[in-house]
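Thanks for coming. I will walk through one model today, beginning at the ligand and ending with some backbone details.

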Amino acid sequence: MVMELYGRAILNYASTRLVCCGITTVNPGDASKTWSQVARVCEQAERARLPRHGVIAGVGGGVTLDISGLAASLYHRGVGYVRVPTTLMGMVDVAVGIKHAINFNGKKSLLGAFYPPLGVVNDFGFLKTLPRTELANGFSEIIKLGMVRDRILFEWLEQYGERLLRSGFQEPLAWARRIALRSEYVMMADLQPNLYESEFRRFPDFGHTFSAGIEEASDYLLPHGQAVAIDMLLATIIAVRRGLCTGDVLSRLTALYRGLGLLALPSICTGEVLAGALTSTRLHRGGQIHMVLPAGLGEGRFVEDVDAEEACCALDRAVEICAAAKSTYYAGTSR
Ligand SMILES: NC(=O)c1ccc[n+]([C@@H]2O[C@H](COP(=O)([O-])OP(=O)(O)OC[C@H]3O[C@@H](n4cnc5c(N)ncnc54)[C@H](O)[C@@H]3O)[C@@H](O)[C@H]2O)c1
């Protein structure tokens, strides 16, 4: 889609302003985050005889950035890499960190690298053409930070989220900029001292305990942002049940989801899937789950003892919430 919409402009820019050697496209969708797509970028680099001091520029959403970034980290053992995100998810989340990953053997983001880009170009103009559902997916990563790191960010989303969604993140532009920048700063503050994740306890992992397992269960058809939204809903239900935060936080989260079209629960989200996700997450985080739960709006807390049973109870409550809201994706659980 990015090539169809912007290919001519990118080629024009490259041919007049850069020593452009070659261009290639990657297939859309999370299911294409595979070795063969990384190889395709490396083959194009090789065909174009990209030198060791050359640069690979990734222009696109998170999928394109993950594939091109991993290719840049491997080609000649690493060439320069520039990110040009064209989705909200790409701008406020992927491009803030230094991670690149592909899916492998049925596991989300199993292979990857920490590889800092030379730079990032964020241009909100790209978001004018982004489908609303994709824009909403990007909002979930901002909500993540609002929920456990920055209450003000959450309140700004409550105030301006729907208008920004309707306007393709263009109106009110000052608030689009303010929200995106604040989100990036809040994320950077957490990432900067732990860029290579030697510390497994990370607040930006809120919404990322069950999400990978849910995406895997959907054969990568469920977008990442929606999986993160479901995960945050489950985590908030658990937090309310444990008395870590009040029901008001949950009500505000679901109200925000409703406005942004994020209140959804696909039928692939089952108790078994959540249990499997807990096991994989424990492996990924060095033996413990380090799950982030909201402890009041804008505050997070790490917990280690959430088990499959507690996750299933949260799922039942999430089903009720979605049913009551008559959310479009609602489907029952099948445990
Ligand atoms: N590496 C990281 O740190 C990190 C962080 C978060 C997410 N991710 C990954 O990012 C991916 C999700 O990224 P995403 O939400 O950007 O999805 P995406 O890359 O799949 O893009 C979504 C869709 O929007 C289209 N698109 C992109 N820009 C467009 C534009 N300007 N106008 C119209 N259409 C456009 C794409 O072709 C695609 O169909 C997931 O694979 C996730 O795992 C990685």
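Thr-86 has a polar side-chain atom 2.7 Å from a nitrogen atom of the ligand, a polar contact in the sense used here, that is, a pair of N or O atoms within 3.5 Å. Before going on, note that this is a predicted model, in which local features need pLDDT of at least 70 and side-chain atom pairs count only at pLDDT 80 or more, while totals for chains, interfaces and linings use all residues. Residues are numbered from 1 along each chain as its sequence is written, and side-chain values use heavy atoms, with hydrogens and water left out.

In the side chain of Asp-30, an N or O atom is 2.4 Å from an oxygen atom of the ligand. Phe-126 places a backbone N or O atom 2.9 Å from a ligand nitrogen atom. On its own the ligand has 870 Å² of accessible area, and the protein covers 87% of that (Shrake-Rupley method, 1.4 Å probe).

Which elements give two or more residues to the shell around the ligand? They are helix H1 (2-17) and helix H3 (62-74); helices here are DSSP runs of H or I with at least four residues, strands are runs of E with at least two, and both are numbered from the N terminus. The ligand is surrounded by 23 residues, counted when one of their heavy atoms lies within 4 Å. Asp-30, Thr-86, Thr-87, Lys-108 and Thr-129 are the closest. By type, the shell has ten nonpolar, six polar and seven charged residues.

Now the sheet. It is open, with three strands in the order S1-S2-S5 and parallel pairing; two strands pair if DSSP finds at least two bridges between them. Strand S1 (55-60) and strand S5 (119-120) are the edges, each pairing on one side only. Strand S2, residues 80-85, pairs with S5 over two bridges, and Arg-83 stands opposite Val-120 in S5. H3 packs on this sheet and touches S1 and S2, contact meaning heavy atoms within 4.5 Å. The direction of H3 makes about 170° with that of S1, using lines fitted to C-alpha atoms, for helices over the stretch in contact, with angles from 0 to 180 degrees between N-to-C directions.

Last, the backbone. Most residues other than glycine have a negative phi, and most peptide bonds are trans. Glu-171 and Pro-172 are joined by a cis peptide bond, omega about -10°. Pro-172 sits in the loop between helix H6 (151-166) and helix H7 (173-191). Glu-197, not a glycine, has a positive phi of about 55°, and lies in the loop between H7 and helix H8 (211-217).

Conventions
A polar contact is a pair of N or O atoms within 3.5 Å; within protein, one must be able to donate a hydrogen and the other to accept it, and residues adjacent in sequence count only if both atoms are side-chain atoms. Ala, Val, Leu, Ile, Met, Phe, Trp, Tyr, Cys and Pro count as nonpolar, Asp, Glu, Lys and Arg as charged, and the others, Gly among them, as polar.
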